[in-house]
Amino acid sequence: MAATTHAVTNQAPPLVGYDVFAADKVLSEGVERHLEPALLAGVREELGILGRAAGSAHAQDWGRLANENPPVLRTHDRYGNRVDEVDFHPAWHRLMGKGVGAGLTSAWSRPSGHLRRAAAFLVWSQVEAGHTCPLSMTHAAVPALRADPALAAEWEPRLTSTVYDAGLRPAAAKAGVVFGMGMTEKQGGSDVRANTTRATPLAEAGTYELTGHKWFCSAPMSDGFLVLAQAPGGLTCFLLPRVLEDGTRNAFAIQRLKDKLGNRSNASAEVEFDGTWARRVGDEGRGVRTIIEMVAATRLDCVLGSAAIMRQAVAQAVHHCTYREAFGGRLLDKPLMRNVLADLAIESEAATTLALRLAAAYDDGGEQERAFLRLAVPAAKYWVTKRCTPVAAEALECLGGNGYVEESGMPRLLRESPLNSIWEGSGNVQALDALRALQREPMALNAFLQEVGKARGADHRLDAAIKGLLTELADLEGAEARARRVVERLALVLQGALLVRHAPPEVADAFCASRLGGDWGSAFGTLPHPLDLRAIVERARPVS
């Protein structure tokens, strides 16, 4: 008899057929902590439905197919007419349909909507991250449009619909719409005041013709876009519909789709405006102030998206090490591997806990919470997105050579991981924005210090870190060169304060010892001894 050479042994089973929400203790506890008790049972049920869908084999297959079959630009039809359409694989539309149906664009119309949406975003993003870009922008367009009550009344019901209605038709004829955004131009990048796209007023009040080029236009298949252009009164925000009310296509030439490192399922384009019809949103010359409400919301989604990537990476690593054996036992039981996994799990828990706190602040809406968000959002966006890539890379390494193979899904997480640190303002932009808040908006710092002050006295390392932060903030003269240092410390102190108050003692102890106490190496897996690493890893296990 021939030898059996292809029996498969000592391989972890696929992480599939589980509830992504219920298996995430940090997320489920955070929802319970922040949500109104009367809503808890219903929200748990809706997130459980979404969590089981996210953990299903068919949803994971949608994510794979959407990335293996990226969007294709079709500039002309068979007769030579310009159509400027982007064709997507059916898996993309299934992902979009599920995301819209789960309320990822309807936070503004539900009680505790931002927390519920944040939790759902954390769950569903773990299936596939690219399609969450248009979901994020559709959600974030609402506060910007509210600068014009008439526009908001017309468009908000379409944007917050739970029906995904694909295809280019007049917005009034659709059950729901999605939005994109066009801010940056090739000569300016993040410096949007250098934009050269021109807006010429038309006879009808509030309408303009746009002429110019956008270097990055996100989600060009969308029904509408918020864009910036130079009007006679200065840089102004505009709503640009893809299809006009009479059914004709607006002038919107897609020059090419970007060939990106990751985010392969999502279309990012260069577009040309030539006599393109648009409606003004807000006053002329107030474009940045108008669109900044959209940017603030999408920056929170950058934090949520990075936290979701971290969670999925850690879940895959812990799952693999639970089943894989080497050197006489499970990888999970090896002290050094346990240190690595625990370190990763702490980073993931800190990111998720901070993201949910920000979402709850949006729901509150009071002056104190708005002031807190002014500083906490850029600090969180800076730090959490920066930590995402090393977490993804280390988690991939936990799978060894298997993690470097596309079929594991880990390379897709790694390619996706840098995006959120770049999108909606890179690290320097976030650091400088936080520095402006510190220098010009004393209420923001007061609200931040009141938040971290709730944990003072609970851990001596946190207390020392708060004292060090205050010393750092005492002199902000010429602080630009050290802005990253300041913002990193803001984020770490805030994460530490939240974990000391809300996380199990072993997690808070490990975070404060390593991130705040200075007993931490340069790589993951350098947590000091003795800490309860087994309990930390067990908490992160995706399936019991």
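**Exercise 1.** In this predicted model, determine which residue forms a salt bridge with glutamate 472, and where the two partners lie.

*Solution.* Start from the carboxyl group of glutamate 472, whose salt-bridge partner is arginine 482, with 2.9 Å between the closest N and O atoms. Finally, consider accessibility, where the limit for a buried residue is under 20%: glutamate 472 counts as buried because its relative accessible area is 10%, whereas arginine 482, at 23%, is partly exposed.

**Exercise 2.** Examine the salt bridges of glutamate 32 and of glutamate 85, and state which secondary-structure elements each pair ties together.

*Solution.* Take glutamate 32, which forms a salt bridge with arginine 44 at 2.9 Å between the closest N and O atoms. Since glutamate 32 lies in helix H1 and arginine 44 in helix H2 (residues 37-54), this pair ties together parts that are 12 residues apart in sequence. Both ends are partly exposed, with relative accessibilities of 42% for glutamate 32 and 40% for arginine 44.

Arginine 74 is partly exposed, at 32% relative accessible area.

**Exercise 3.** Describe the interface of domain 1 and domain 2, going from its extent to its polar pairs.

*Solution.* The domain assignment gives domain 1 as 25-284 and domain 2 as 289-540, and their C-alpha centres are 27 Å apart. Counting contacts, 48 residues of domain 1 touch 34 residues of domain 2. The buried area between them is about 3400 Å², with 67% coming from carbon and sulfur atoms; of the area that domain 1 buries, Val26, Leu122 and Gln126 supply 18%, more than any other three residues.

For the polar part, two salt bridges cross the interface, and nine residue pairs across the interface are in polar contact. By class, the side of domain 1 that touches domain 2 comprises 24 nonpolar, 18 polar and six charged residues.

**Exercise 4.** Decide whether arginine 541 is buried or exposed, and identify its side-chain polar partner.

*Solution.* Arginine 541 follows helix H18 (533-540), and its relative accessibility of 14% means that it counts as buried. Its side chain makes a polar contact of 2.5 Å with that of glutamate 538. Leaving out residues up to four places away in sequence, arginine 541 touches several others, including Ala23, Lys25 and Arg311.

Technical notes:
Residues are numbered from 1 along each chain as its sequence is written. This is a predicted model: local features need pLDDT of at least 70, side-chain atom pairs count only at pLDDT 80 or more; totals for chains, interfaces and linings use all residues. Side-chain values use heavy atoms; hydrogens and water are left out. Domain bounds come from an automatic or database domain assignment. Contact means heavy atoms within 4.5 Å. Buried area is the accessible area (1.4 Å probe) that two parts lose on being put together, summed over both. A salt bridge is a side-chain nitrogen of Lys or Arg within 4 Å of a carboxyl oxygen of Asp or Glu. A polar contact is a pair of N or O atoms within 3.5 Å; within protein, one must be able to donate a hydrogen and the other to accept it, and residues adjacent in sequence count only if both atoms are side-chain atoms. Ala, Val, Leu, Ile, Met, Phe, Trp, Tyr, Cys and Pro count as nonpolar, Asp, Glu, Lys and Arg as charged, and the others, Gly among them, as polar. Helices (H or I, at least four residues) and strands (E, at least two) are DSSP runs, numbered from the N terminus. Buried means under 20% relative accessible area, exposed over 50%, partly exposed in between (1.4 Å probe, protein chains only).
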